[in-house]
2 protein chains.
Amino acid sequence: MTYFVFCIHNHQPVGNFDSVIEEAYQNSYWPFLEALSRHPEIKLSLHNTGFLLDWMAERHPEYIELLRGMAASGQVEIMGGGYYEPVLSVIPEVDRLRQVAMFSERIEELFRVRPRGIWLAERVWEPTHPSIIRGAGLEYLVVDDYHFVKAGLEKDELGGYYTTEDQGNLIKIFPGNEALRYLIPFKPVESFEEYMLCIKNGFFRRGNAAIYGDDGEKFGVWPGTRKWVFEDGWLERFFEAIERNLDWIRPSTLGGYLDREEPVGHTYLPNTSYMEMGEWALSAGASREYMRVIEELDRLGETGGRLRRFLQGGTWRNFLAKYPESNWMHKRMLMVSSELKRGPRGETQRRAAERLLYQAQCNDAYWHGVFGGLYLPHLRTAVYENLILAEDSVLGKPKKAVDISASDLDADDHEEVIARSPDLGIFLSPFNGGAVFELDYRPGGVNFQNTLTRYQEGYHYKLEASGGGGENGGAKSIHEVVKVKEEGLLNYLRYDRGRRASFIDHFLDEGIALDDLYSHTYRELGDFAWKKYEFELFPDRVVMHRAAAAYGAGCTVRKTLSMDGGNAFKMSYEVVGAEAPNGFFGVELNLILPACDGPLCRYESNADLGGGGIGLGSRGRTEGVESLRLVDSWKGVALSIETDRPATLLRHPVHTVSLSEGGFEKIYQGSCLLFLFPCRGGDGLAPSFRLSVEGLSG
Amino acid sequence: MTYFVFCIHNHQPVGNFDSVIEEAYQNSYWPFLEALSRHPEIKLSLHNTGFLLDWMAERHPEYIELLRGMAASGQVEIMGGGYYEPVLSVIPEVDRLRQVAMFSERIEELFRVRPRGIWLAERVWEPTHPSIIRGAGLEYLVVDDYHFVKAGLEKDELGGYYTTEDQGNLIKIFPGNEALRYLIPFKPVESFEEYMLCIKNGFFRRGNAAIYGDDGEKFGVWPGTRKWVFEDGWLERFFEAIERNLDWIRPSTLGGYLDREEPVGHTYLPNTSYMEMGEWALSAGASREYMRVIEELDRLGETGGRLRRFLQGGTWRNFLAKYPESNWMHKRMLMVSSELKRGPRGETQRRAAERLLYQAQCNDAYWHGVFGGLYLPHLRTAVYENLILAEDSVLGKPKKAVDISASDLDADDHEEVIARSPDLGIFLSPFNGGAVFELDYRPGGVNFQNTLTRYQEGYHYKLEASGGGGENGGAKSIHEVVKVKEEGLLNYLRYDRGRRASFIDHFLDEGIALDDLYSHTYRELGDFAWKKYEFELFPDRVVMHRAAAAYGAGCTVRKTLSMDGGNAFKMSYEVVGAEAPNGFFGVELNLILPACDGPLCRYESNADLGGGGIGLGSRGRTEGVESLRLVDSWKGVALSIETDRPATLLRHPVHTVSLSEGGFEKIYQGSCLLFLFPCRGGDGLAPSFRLSVEGLSG
C-alpha cells in the first residue's frame with residue numbers, strides 16, 4: 001500500500017485587515033473545504049490558526065459546522081498549535097504551554113475532538129521542541145524534508161516518520177515532501193499520479209508514504225491559484241485521481257498513518273526551518289552572498305546538487321539581531337509576559353490580559369521573508385496595541401504620578417529607562433543617543449514610536465541592478481528583471497545611520513537640506529546622535545548627559561525628561577559649548593500614527609506648513625514652528641509637540657522599500673521631524689519640548 | 001590597544017587510565033602552568049574539568065597550590081562548567097544546574113574565587129543555552145568563530161564579544177579565532193606577532209581583540225608538541241613576545257576583557273559545534289559525502305571559500321541516532337537520573353549517587369570523532385559502572401525477588417522490558433529480536449552487554465582505498481595514504497547486520513562456518529533475528545514469542561526469561577515448526593568483560609576449547625558445550641552460561657576498526673558466542689539457558 005498523507009495549514013496574522021481575510025475565505029478556505037467534503041475518501045490533517053478559526057466562528061459558522069461533521073467522520077484530523085501561531089522557541093515556556101492548551105480546548109469546544117498533532121509555526125525547529133510539544137500534550141508534527149536532509153538523511157529515506165526526543169520526551173516527526181510541494185497544486189494532476197507510482201515502485205528505501213504538509217493559501221489565495229485550483233477544476237481532478245486509485249493509494253491523516261505504520265528510524269533535527277527561511281534570516285550582506293552561492297550551485301550542475309545538501313543559511317532567531325525593531329517588540333513581549341505572571345489582578349482580568357499577550361506573540365510581525373511581516377505597520381500596530389493594553393490591564397494606573405526605573409530590556413547589555421505616568425509609557429535608551437524608543441499612549445494602546453528604520457536588504461541589489469524595474473527602469477540584465485508595484489522605487493532606497501527613534505541630537509550646518517536629511521547624507525558635526533549618554537534617575541525625572549565634541553570643540557548635551565501631568569512629558573535641553581555662528585542644534589523625532597499617512601491623519605501647527613500639504617506624508621521646511629500636532633482621527637488620538645521657542649522644522653515621510661509576493665513596494669513607516677535651533681554660540685542654548693497625548697472623542 | 005584574550009581548556013575523560021593522565025600532567029598541564037607563573041603579565045582564563053581537577057588535587061597538590069596564587073593575583077581566571085564535562089544540552093535540566101553549581105563550589109573551595117565564565121563542553125551550542133547558563137549563575141563563554149560565521153557574521157566582525165539571549169536571559173559570547181588556533185602553538189612565534197600587528201592595523205571592522213580558546217592538550221600532549229612547546233622553547237618565546245609588546249598588546253582573560261570593553265553586537269548562534277564535529281556527527285554515508293564535498297570546495301578555490309561559509313554538517317545529538325549504543329547509554333542515563341530524583345534515600349546517599357550519575361554524564365563515551373570516544377570500551381565501562389552503582393544505591397534491593405516492568409527506554413516507540421533481581425538487571429527489547437541489550441551485575445557495576453556493533457564509518461573508505469595502509473598495503477592513491485597502527489586491518493573491516501546483543505535467534509545451515517559468522521555473510525534461514533517479538537509480562541517471568549518463517553515454512557519461537565535466585569536467570573526456548581534435518585537453531589550471545597580480552601580474562605568450559613586458546617580473544621568451534629564461564633579476575637567477576645543440553649559453540653572476538661589521532665586501529669569490543677542446536681524437525685526443540693553471575697573473592 002502506498003500512502004498519501006495530506007496536511008494543510010491555514011493562517012492569517014493577528015492585525016490583518018478584515019477584507020483580506022474575507023477574500024482568502026471566499027477564494028480558498030471555504031471552497032477547499034466544501035470540495036473536500038464531497039470526497040469523503042480523501043483524508044486531511046487540517047490546521048487553522050486560532051485567530052483565523054475565531055474569525056470563522058464569528059463570520060462564517062457554516063465552515064465550523066461543515067468541518068465539525070468531517071472531524072466526526074474521521075475524514076479530517078484537526079491539528080493543534082499555539083493559539084495565535086507564535087514561533088514556539090522564542091516565547092516564554094509558560095506561554096507556550098498555555099497557548100497550546102488554550103487552542104486544544106478551543107478545538108475541543110468547536111469540534112468535539114482533541115488534537116494529537118501540532119502544526120509548528122513557520123516550521124521553526126529547535127532541538128528542545130520534543131520536550132515543549134510533549135509538555136503541551138501533543139505527539140507529532142510535519143516539517144519539511146529539508147529539515148531531515150540537514151540532519152544527514154537522504155531523500156529516499158524520507159517515506160515515513162521518525163522518532164526523536166529531547167530529555168527522553170519522544171515525539172514523531174514527518175518529513176513533508178518537497179517534490180509534492182512543487183506538484184500540488186501547481187502541476188497537472190497526472191504529474192502527481194506519476195509521482196505516486198514512482199513511490200509505489202519503490203522510490204523510498206525507508207517508508208511508503210507521500211507526505212504533504214504546506215500552506216492552504218496555495219489553494220486559491222496565491223496569485224492565479226483560485227482560477228487554476230477551483231475554476232479550472234484542478235482540485236476536483238486531484239481528488240478524483242486519488243479516488244480512482246484507492247486500490248493502491250491509501251489517503252491518510254498524519255495521525256491515521258502513525259496509528260498504522262511503524263517509524264522508519266530515529267533522528268535528531270538541527271535548528272532549522274524551511275530552506276528559504278535560511279536566506280531571509282541572514283543579515284543583508286550574508287543573505288546576498290547566500291543568494292549568489294545558490295546561483296553558483298545551480299551553475300555547478302550535479303556537483304552543485306551534492307554541495308547543496310550541506311548548505312544552510314541562518315536561523316529564525318537571527319531576525320531579532322537583524323532588525324532591532326523586531327528585537328524590541330520581542331523583549332517588550334517578554335517584559336509584558338513577566339509582568340503578567342507577577343500581576344496580582346483577578347482571574348478574569350488575568351485571562352483577558354493573557355489573551356492580549358498571546359495575540360501579540362503572533363509570529364508575522366517579528367520577521368520578514370517574502371511576505372511583508374515586520375515591514376507592515378498595521379501588524380506591528382496590532383502587536384503594540386495588544387502588548388500595551390495587556391500591560392495596562394495588569395499594571396493598572398501607577399500608584400505614583402510618575403514611575404521611573406531602569407533595566408536592560410533589549411539585551412544590549414545597557415539599561416534602558418522606563419518612565420510611566422497614568423497615560424504614558426516612555427522607553428529611553430541612554431546608551432543609544434538618550435533617545436525615545438517607545439512612546440505609549442496607554443489608554444489607547446498606541447505606540448507613536450512604532451517606526452521602522454530603513455535597513456539594507458539582501459535582495460535590494462536586484463532592484464538596483466534593474467535600474468528600478470518597470471518599463472522606464474533603465475538598463476536591465478536578463479537575470480535581473482524584477483517585479484515592482486510602482487515605478488521610481490530607487491528614489492526611496494535610502495539607508496539610515498541609526499535607529500528611527502525620537503530625541504536624537506544633531507549638530508548641523510545652517511545649510512542642512514531636506515534632501516540630505518532624507519538621504520542621510522547630511523554632515524554630522526557633533527558626536528551625540530546614537531551615542532552613549534550617561535544617566536541619572538530621580539523620582540520625578542531622568543537626566544541624561546554626554547560630554548563629547550561639536551563643531552570641533554568640546555560640547556556637553558544634557559537633557560532631562562520629566563513628566564508633566566498624566567498625559568504629557570517634557571524634554572529639556574542644556575547644550576554647552578556648541579560654538580558655531582552658522583550651526584544648528586537639531587533634535588530629530590520620528591513618529592507614526594496608527595492610520596499612518598492615510599487621509600485620516602494630519603498635521604496642525606501654529607505655522608503655515610505651506611504647499612507641501614498637511615498629511616503625514618507631506619514634506620517641507622517651515623520656519624517659526626512652536627507647536628505641531630499629529631492628529632489621527634481614525635484611532636481618535638492626537639500627539640502635540642510644543643517647543644519653548646520657535647524652531648525651523650524639516651519634515652519628510654520615511655518609506656522603506658521591501659519585497660513582497662507582488663514585487664518590490666514602498667511602505668510608509670512614519671514621519672521624520674527635525675527641529676532646528678540656531679547655535680548662536682555660548683551657553684544659552686536650552687530649548688525644551690513638551691509632548692502631550694489626548695484621546696479625541698467621537 | 002589590541003587585546004590578546006587567552007583561554008585554555010584541560011580535560012580528561014572519566015574512566016581514563018591513570019597512567020595516561022599522569023603523562024598528560026607531566027608533559028603538559030604542569031609545565032604549562034609553571035611557565036605561565038613566571039610571566040605574570042600574561043593573563044589566562046583556565047578551565048580544568050572537574051574529574052581532572054580532583055585528580056590533580058589528590059595526586060598533585062602543587063598544581064592547585066600554584067594555581068591558587070595565580071588566581072588570587074588575577075593572572076588566571078578560573079572557568080566553570082559542568083563538573084564532569086557533560087554535553088549540557090542532552091542531560092536533564094536539574095543535573096545541568098547541579099553539575100555547574102557543584103563545580104563552582106568546588107572551584108571556590110580550591111581557589112577561593114567563584115567562576116563567572118563557563119567552558120562549554122565540546123562547544124556544542126544550542127539556542128536555549130543562554131537560559132541554561134544564566135540559570136546556572138554564569139555569564140559568558142568562548143566558542144569558535146565558526147559558530148558566528150554560521151550565524152551569518154563575517155570574520156572581520158569577530159574581534160570582540162557579542163550579546164545573545166534566550167527568553168531574555170542575556171549572556172556574552174566570544175568568538176574564538178580560527179587563525180590563532182592554527183598559529184598557537186604550531187607556528188613560529190613571529191607568525192603570532194604578525195597576526196597581532198594585522199589586528200592592530202585594523203583587520204577587524206568590529207572589535208580589537210585576538211581571542212584564543214582551545215584545548216590545553218595542544219601544549220604538550222599532542223604528538224610532537226612537548227618537544228616543540230617546552231624543550232625547543234616555543235612557549236617561553238611566545239610569552240616573551242607578548243611581554244616585549246605590552247605597549248600595544250594587552251593580555252587579558254575573558255572576564256577582564258568584558259569588564260573593560262563594550263559588546264560589538266548582538267547575535268543568535270545556531271545549533272552547532274566546531275567544524276569537524278559537523279562531519280563526525282553525520283551518518284557514515286553522509287559523512288563520507290561531506291568529506292568529498294569539502295575536497296571539492298578546496299578544488300574550487302575562491303568560489304569554494306565562499307560556498308564553505310554556508311556549509312554545515314550534522315549536530316551533536318545525531319550521535320545518538322548514529323550509534324544505538326550511544327543512544328542506549330544516554331537513555332539509561334536519563335532513566336537513572338529520573339530514578340534518582342524520585343529516590344527516597346537520605347541526603348548523603350543521594351549526593352553520592354548524584355556524583356556517580358554526573359560522572360556517567362561525561363561526554364566522551366557518547367560520541368566518536370578523531371579521539372576514540374564511544375569506541376573505547378573502558379570509557380563505556382566507566383559510564384555503566386557509575387550508572388549501575390548510582391541506580392543500585394538509589395533503588396536498593398528490590399522488595400520482591402523479581403521485579404519486572406516495561407517501558408520505552410530508548411525512544412524507539414516500543415517498550416523494552418526490565419527484569420531485576422537483587423543482583424541482576426536485565427534489559428530486553430522484544431521489538432528488536434527479543435534480545436538482551438543490557439545485562440547488569442548490580443553489586444559490581446558491571447554490564448556484560450557493553451559491546452559495540454561494527455558500524456560503517458564515513459572514513460573507512462580511506463582505509464579501503466589504501467588497501468589497508470602500511471607498507472604492505474597494496475595500491476595507494478597519493479590522496480589516500482593513511483596511517484595505521486597495525487597492518488592487516490582490512491581483515492577486520494566487517495559490518496554487522498544488527499545490534500551485538502544477546503539471545504538473538506537464528507536458523508542456520510548445518511555448514512555455518514566461523515568465517516561467515518564472523519563476516520556476517522552467513523545465510524539466515526529464519527526471520528527472527530532482530531525482528532519484533534510479541535511479549536507478555538508475568539510477575540515472575542517475561543514470555544516473548546514470534547510467529548514467522550524458518551526454512552521456508554511457518555515457525556514459532558517462544559522464549560521465556562525467568563529469574564532463578566538473586567544472581568541468575570533462565571532463558572527457555574520453545575521452537576515449533578522448524579523442519580530442517582540439516583538445520584541448526586542458533587542462539588547468539590555477545591558479551592564483554594571489564595578487562596576485555598586481556599590476560600586476566602578467560603573462558604572455562606566443560607568441553608575442551610581446543611587449540612584456539614581460552615582467552616576472550618580466542619576463536620573456534622567446539623562441540624558438546626554444556627557450560628561456559630567467562631572469568632574476569634581483574635574485576636573479580638564471572639559469568640556462567642549453562643545449557644540444558646550439549647551445544648555446538650562457535651566463538652570469535654569482535655573488533656571494530658576506527659580512526660584515532662594515531663591512525664586506524666582495531667579495538668576489541670566483546671566476544672560473539674553462537675550456541676547451535678540441531679533442528680531434528682518437529683516440536684521437540686526446547687533448549688534452555690541459565691546464566692549466573694558471581695563475584696570472585698580476592
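Asp166(B) stands opposite Asn169(B), a residue of strand 6 of chain B. This is a predicted model, in which local features need pLDDT of at least 70 and side-chain atom pairs count only at pLDDT 80 or more, while totals for chains, interfaces and linings use all residues. Residues are numbered from 1 along each chain as its sequence is written, chains are lettered from A and ligands numbered from 1 in the order in which they are written, and side-chain values use heavy atoms, with hydrogens and water left out.

Strands (E, at least two residues) and helices (H or I, at least four) are DSSP runs, numbered from the N terminus; two strands pair if DSSP finds at least two bridges between them. Strand 5 (residues 162-166) of chain B and strand 6 (residues 169-176) of chain B run antiparallel and share 5 bridges. Their hairpin leaves 2 residues between the strands, and Gln167(B) there adopts a positive phi near 55°. With strand 9 of chain B, strand 5 pairs in the parallel sense over 2 bridges. Here Tyr162(B) stands opposite Gly265(B), and Thr163(B) has His266(B) as its bridge partner.

These strands belong to an open sheet of 4 strands in chain B, ordered 4-6-5-9 with mixed pairing. Strand 4 (140-144) and strand 9 (265-266) of chain B form the edges; each has a single partner strand, so one side of each lacks a neighbour in the sheet. In strand 5 of chain B, 5 of the 5 residues are buried, so this strand is largely enclosed by the rest of the structure. Buried means under 20% relative accessible area, with exposed over 50% and partly exposed in between (1.4 Å probe, protein chains only). Tyr162(B), Thr164(B) and Asp166(B) are buried on one face of strand 5, and Thr163(B) and Glu165(B) on the other.

Turning to chain A, the axes of helix 2 (residues 50-59) and helix 3 (residues 61-72) come within 5 Å and cross at roughly 110°. Axes are lines fitted to C-alpha atoms, for helices over the stretch in contact, and angles run from 0 to 180 degrees between N-to-C directions. The two helices of chain A are therefore roughly perpendicular (65 to 115 degrees). Residues of helix 2 in contact (heavy atoms within 4.5 Å) with helix 3 of chain A include Leu53(A) and Met56(A), and those of helix 3 include Tyr63(A) and Ile64(A).

Key:
Parallel < 35°, antiparallel > 145°, perpendicular 65-115°, else oblique.
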